[in-house]
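Hello,

Here is the structure I promised to pass on to you. Have a look at it first, and then read on for my notes on the side-chain contacts.

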Amino acid sequence: MSCENQNKIGLCFGSRSGCLYRCTAAMVISITISAGVVFLEMARHYSTQEALDIIMHSDCEDGSSSSSVDSEADTEEASESTEDASEVGTDQLESNSDSSETESGGELEEAAAGWTSKNGKVFWSPTNTETLRYVPAARSLIPGPTHYAVARISDPASSFALLLTDDILQHIVSMTNLHGRRSIAEWRDMDTEELQAYVGLLILAGVYRSKNESTLCLWSEKSGRSISRATMSHKRFHQISRTLRFDDKLSRPRRRDDKLAAFRKVWDMWTHRLPMLFSPFSDVCVDEQLVPFRGRCSFKQYMPKKPAKYGIKIWANCDVKSSYAWRLQVYTGKAAGSRPEVNQGMRVVLEMTEGLQGHIITCDNFFTSFALAEELLRRKLALVGTIRRNKPELPPILLQARARAILSSTFAFTKTHTLVSYIPRRGRNVLLLSTKHRSPDVSDEMKRKPVIIKDYNRCKGGRRTNRWPLALFHNLVDISHYNAYVLWTSIEPSWQQQKPYRRRLFIEEVGEMLVTPHIKKRGRLPRSSAAATMVSDLQGAAAGPSLISERKSRRQCNFCMDRRVCSTCCKCGKFICKDHSLSICSPCST
């Protein structure tokens with residue numbers, strides 16, 4: 001309905017009892033109905049901490065038990081909550097079993113009048129007749145690479161350089177040289193080109209499927225890669241790996257002040273650039289990543305259902321369409337001596353979605369709650385996620401499963417929320433909450449999945465070290481070259497479009513571009529003939545045609561005929577390799 005006086009009061013009342021239609025105006029009034037009392041307050045955008053304080057304060061005043069229930073579900077020990085539910089169509093979809101539920105037999109009763117939640121505060125209707133139609137808010141961000149990124153990307157290497165910037169590299173170089181001088185007597189200072197070459201070798205090792213392979217094998221003349229030997233010696237690579245540092249240990253603050261102090265500056269400089277280069281599309285996913293790590297770390301997490309089980313947990317907000325990592329946050333655990341954090345999942349989602357508007361947030365049941373959905377709506381964001389059965393806002397009738405038919409769906413609606421209970425198999429009950437979907441739509445396929453579940457499935461979709469900062473650095477490099485790939489293919493969609501493995505080609509090209517400048521500066525040729533040929537070719541191409549014409553031609557060894565060499569015998573002039581030559585001093589040669 002239309003509102004004639006929307007510019008005067010900013011609120012329009014519908015003809016139905018209790019139905020409010022919000023209008024665009026300079027002044028917006030929100031109305032909350034609780035226990036027959038109407039509260040009016042000015043609607044505004046609350047910060048994450050303010051929103052949590054308001055919700056927690058209201059829970060305490062109402063005498064609700066939801067805080068205690070949420071605190072039991074949201075502790076870090078229960079952070080890995082997903083269960084296998086292949087019947088729903090993905091191994092990430094959580095199943096909620098109600099084997100302990102005591103039910104009376106018979107069919108599920110149809111409650112025409114609706115259902116009341118367990119805490120008595122939320123009324124759910126079996127139909128969507130009173131549900132308001134969802135209209136996404138206008139986005140303030142244009143999806144895809146930002147103008148800042150488009151203006152600075154000319155090739156794959158420049159795309160990667162926007163993430164691992166010169167400032168980050170220079171900081172790592174200075175900290176590494178500082179530690180190298182303190183710990184190694186014969187330390188030779190490293191520059192940014194050598195660090196780039198080191199990073200390039202890490203990237204190429206991943207491209208060549210060398211995970212968990214010994215570096216001795218990578219530098220082996222028989223089974224290794226020529227580009228590794230051409231870039232730097234194995235001794236130098238091992239030396240850099242030992243001394244790589246990201247802060248000054250002597251000036252580091254106490255660990256209890258910041259557990260991430262050893263990597264904090266690099267992490268903040270890097271994560272600050274992620275939103276600068278890309279704006280997500282309408283669907284984003286908030287989830288957790290476990291960086292595999294089994295060494296000593298005060299905030300190492302144990303997640304038995306993850307493949308690695310032990311590691312460093314990172315909260316991640318990723319674009320669904322491109323999988324671009326838009327915002328990341330390392331979880332360093334609770335403070336020493338403090339209680340487990342209450343409503344941790346809600347706090348994480350609100351922080352990870354700061355700055356977004358008009359987007360649809362997808363998350364699992366560790367994050368999803370009724371209060372989170374309401375707060376996201378205030379921020380013009382929609383929520384789709386699985387929800388745990390212990391939430392007090394759920395109606396008890398949707399938690400029953402034994403008396404219901406397999407592949408059946410039961411919907412419940414409020415004016416802004418939709419709840420669905422789906423039975424994929426006997427004894428399994430999958431619960432999802434959505435503020436995006438406003439109708440009881442079910443797919444026509446054989447399993448008759450609700451559309452909410454199909455949207456959820458669509459959107460929900462390392463190298464070993466003993467030092468956790470190095471593990472985070474390797475993960476930083478992995479995410480950087482994937483984000484760079486997203487940026488480059490968004491700007492140049494026709495690049496290698498006909499090849500199904502173009503991501504591998506992109507990573508390989510970036511790795512080669514990173515190591516090439518250091519190879520051209522190398523002073524001595526490597527012992528391996530193939531690596532020496534690669535160095536000579538690159539240095540000759542950089543020097544120009546004049547140097548190439550002066551250089552001796554390379555021919556096969558006259559004795560073994562296996563290697564192409566440029567060294568000749570001083571007496572007979574035959575081409576010889578190192579295996580068929582002798583090293584003698586100058587007095588003996590005369």
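**Salt bridges**

Glu445 and Lys454 are joined through their side chains by a salt bridge, with 3.5 Å from N to O. Glu445 is partly exposed, at a relative accessible area of 33%, and Lys454 is partly exposed too, at 36%. Before you go further, please keep in mind that this is a predicted model.

The search of the whole structure gave 18 salt bridges. Another of them pairs Asp455 with Lys436, whose closest N and O atoms are 3.2 Å apart. This pair links distant parts of the chain: Asp455 belongs to helix H15 (residues 451-459), while Lys436 sits in the loop between strand E18 (428-434) and H15, and the two are 19 residues apart. Asp455 counts as buried because its relative accessible area is 16%, under the 20% cut-off. Lys436, by contrast, has a relative accessible area of 22% and is partly exposed.

Glu193 and Lys521 also meet in a salt bridge, at 3.2 Å from N to O. Here Glu193 is partly exposed, with 26% relative accessibility. You will find a network of salt bridges as well, linking Glu354, Glu375, Arg378 and Arg379.

**Aromatic rings**

What about the rings? Over the whole structure, the search finds 20 aromatic pairs. In one of them, Phe263 and Trp267, the ring centres are 6.5 Å apart and the planes stand at 50 degrees, so this pair is tilted. Phe263 is buried, with a relative accessible area of 0%, and Trp267 is buried at 2%.

For Trp495 and Phe506, the centres are 6.1 Å apart and the planes are at 90 degrees, which means that the pair is edge-to-face. Trp495 lies in the loop between helix H16 (468-491) and helix H17 (502-520), and Phe506 lies in helix H17, so the pair ties together parts that are 11 residues apart in sequence. Both of these residues, Trp495 and Phe506, are buried.

There is also a cluster, in which ring pairs link Phe246, Phe263, Trp267, Trp270 and Phe473.

**Charges over rings**

Two contacts of another kind may interest you. Arg236 has its charged end over the ring of Trp187, 4.8 Å from the ring's centre. Lys321 lies over the face of Phe281, and the distance to the ring centre is 4.3 Å.

Best wishes

Definitions and conventions:
Residues are numbered from 1 along each chain as its sequence is written. This is a predicted model: local features need pLDDT of at least 70, side-chain atom pairs count only at pLDDT 80 or more; totals for chains, interfaces and linings use all residues. Side-chain values use heavy atoms; hydrogens and water are left out. A salt bridge is a side-chain nitrogen of Lys or Arg within 4 Å of a carboxyl oxygen of Asp or Glu. Buried means under 20% relative accessible area, exposed over 50%, partly exposed in between (1.4 Å probe, protein chains only). Helices (H or I, at least four residues) and strands (E, at least two) are DSSP runs, numbered from the N terminus. Rings of Phe, Tyr and Trp (its six-membered ring) pair if their centres lie within 6.5 Å; planes under 30 degrees apart count as stacked, over 60 as edge-to-face and the rest as tilted. A charge sits over a ring if NZ of Lys or CZ of Arg is within 6 Å of the ring centre and within 35 degrees of the ring normal.
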